[in-house]
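I opened this entry to keep track of what I looked up, going from the whole fold down to single residues.

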Amino acid sequence: MNAATQLHKNTGGRMANLELLRIVSMLFVVVLHFLGKGGWLVSLTDAAMPRRGYLAWGVESLAIVAVNVYMLLSGYFLVESSFNVKRLLQLFLQVLFYSVTIGFAAAAFGYLPEEGFSIYYLAQLFLPVSTNHYWFMTAYFLMYLFSPLLSRGVKCLTQKQFRTVLFLLLFVFSILKSIVPVKLSSDMRGYDCLWYLCVFLVAAYIRLYGIPFFKSAGRSLLVYLAAAAGIFGFSFFLRFMYLKTGKLGDILNIAYEYNHILVLTASVAFFYLFYHIKIKDGVFGRMVIKVAPCSLGVYLWHEHIALRYEWPDWLYSLTGRPDSGLLLLLYILFAAALVFVIGILFDILRMLLFTGGNRLLSYVGGYRKLLGWLEGLSIGQKRVETHE
């Protein structure tokens, strides 16, 4: 086992630093949604961009790593974990709970998508994964289903073979679209399962072998900030070219797409930044470990189809829209914190309901047999040591 592998071996138990990264990533997700759905990302084609527009795009450059990092975390742990059908079912029930309960509660108060309370809307509520209600959860479920195949497969390769395959995949799905000056018709911008299978493999490589370049928190932070600056700078260079020539308009936002190489680089660096953080076993660490599992609830409530364009207006109705760059920055922090806290409280309530329901159902023999059957469907991981 080489030094990089030793660095990333299974430490046993929850890692508070990576659980903190899970929390920060979800906060970044809220920031991205607030900027986009709150109307702060002025179009890059607009010649008269206000200062607040530059600030918003700058914050977007820092937060755009959120979704990739969340998937990196999943891949990092899943590659050395059992494939658990029971866990997948629990996750589906969590998504279904939010989809249905919020959907009907929102409808009762008149909050509905443009098509109204239709059969398709009901399908989106009761089949949230299949209907792409939450696109990230659809991609995640598919990635999870492939995870035992990928986990076993990468361990049958030598490090060199794995590195070669990974480079080829990243070239097809990330590097190529990042360097050609046209929009590729096959490019899904990272909003699909294929991209997150690639991210899973990046995480698997990190877990099995590590990336020695990111050997310190300082270097990781520097790369993250440099990549974020590159995202911002490249986008505004394209904007400059568009305003001068009227061309390249269809790729102005390309550096802000999840599968752009700069976004992936920033995501890996951000992951390593938190990997190198040491959190002592204390009150803060224990709090992080307790809060992090509830973070998915933040996404599931504020990105519900009936609410995703409503909650920013609710905030504005309380405080008004900020009218300066400093106030906008403070407002972004306020919005992210408030949405996050509401989501955590919602998910704590959901967990209490699920725990109570599980206890009641545990008295039913058929339910206990079902749980036992689901446990038997788990696929364990057996490490296969490989060498170059």
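**Overall shape.** I noted at the start that this is a predicted model. I looked up the secondary structure and found 16 helices and zero strands in the protein. Next I checked the radius of gyration: for 388 residues a compact globule would be near 21 Å, and the protein has 22 Å, so the two agree. Along the principal axes, the C-alpha trace spans about 70 × 60 × 45 Å.

For the surface, I got an accessible area of about 18800 Å², with 68% of it belonging to carbon and sulfur atoms. I then looked at contacts with a separation of 6 or more; residues 24 or more positions apart account for 84% of them.

**Helix H15.** I looked up helix H15, which covers residues 325-361 and has 37 residues. From first C-alpha to last it reaches 53 Å, close to the 54 Å expected at 1.5 Å a residue. Which residues of H15 are buried? I listed Leu328, Tyr331, Ile332, Ala335, Ala336, Val339, Phe340, Gly343, Ile344, Asp347 and Arg350. The list includes the charged residues Asp347 and Arg350. An α-helix has 3.6 residues a turn, so residues three or four places apart point the same way. I also checked what covers the buried residues of H15, and the cover includes helices H2 (16-37), H3 (51-63) and H5 (85-108). Helices H12 (283-291), H13 (295-302) and H14 (311-319) are also part of that cover.

I picked Leu96, which is found in helix H5. Leaving aside neighbours within four places in sequence, Leu96 is in contact with Leu125, Phe126 and Pro128. Leu96 and Phe126 are 30 residues apart along the chain, and their C-alpha atoms are separated by 6.5 Å.

**Aromatic rings.** I searched the whole structure for aromatic pairs and found 44. One of them is Tyr224 with Phe270, a tilted pair at 4.7 Å centre to centre, with 45° between the planes. The pair links distant parts of the chain: Tyr224 is in helix H10 (residues 217-245) and Phe270 in helix H11 (residues 261-275), 46 residues apart. Are these two residues buried or exposed? Both Tyr224 and Phe270 are buried. I also noted a cluster linked by ring pairs, whose members include Tyr70, Phe83, Tyr134, Trp135, Phe136 and Tyr299.

**Charges over rings.** Tyr70, a member of that cluster, has the charged end of Arg22 over its ring, 5.8 Å from the centre. I found another case at Trp40, where the charged end of Arg321 sits over the ring, 4.3 Å from its centre.

**Positive phi.** Most residues other than glycine have a negative phi. Arg189 has a positive phi of about 65° although it is not a glycine. Arg189 lies in the loop between helix H8 (159-179) and helix H9 (193-208), and is partly exposed at a relative accessible area of 37%. Leu248 also has a positive phi, about 70°, without being a glycine. Leu248 lies in the loop between H10 and H11 and is partly exposed, with a relative accessible area of 27%.

Notes
Residues are numbered from 1 along each chain as its sequence is written. This is a predicted model: local features need pLDDT of at least 70, side-chain atom pairs count only at pLDDT 80 or more; totals for chains, interfaces and linings use all residues. Side-chain values use heavy atoms; hydrogens and water are left out. Helices (H or I, at least four residues) and strands (E, at least two) are DSSP runs, numbered from the N terminus. The expected span of a helix is 1.5 Å times one less than its number of residues. Buried means under 20% relative accessible area, exposed over 50%, partly exposed in between (1.4 Å probe, protein chains only). Contact means heavy atoms within 4.5 Å. Rings of Phe, Tyr and Trp (its six-membered ring) pair if their centres lie within 6.5 Å; planes under 30 degrees apart count as stacked, over 60 as edge-to-face and the rest as tilted. A charge sits over a ring if NZ of Lys or CZ of Arg is within 6 Å of the ring centre and within 35 degrees of the ring normal. The radius of gyration is taken over C-alpha atoms; the globule rule is 2.2 Å times the number of residues to the power 0.38. Accessible areas come from the Shrake-Rupley method with a 1.4 Å probe; for residues, only the protein chains shown count as cover.
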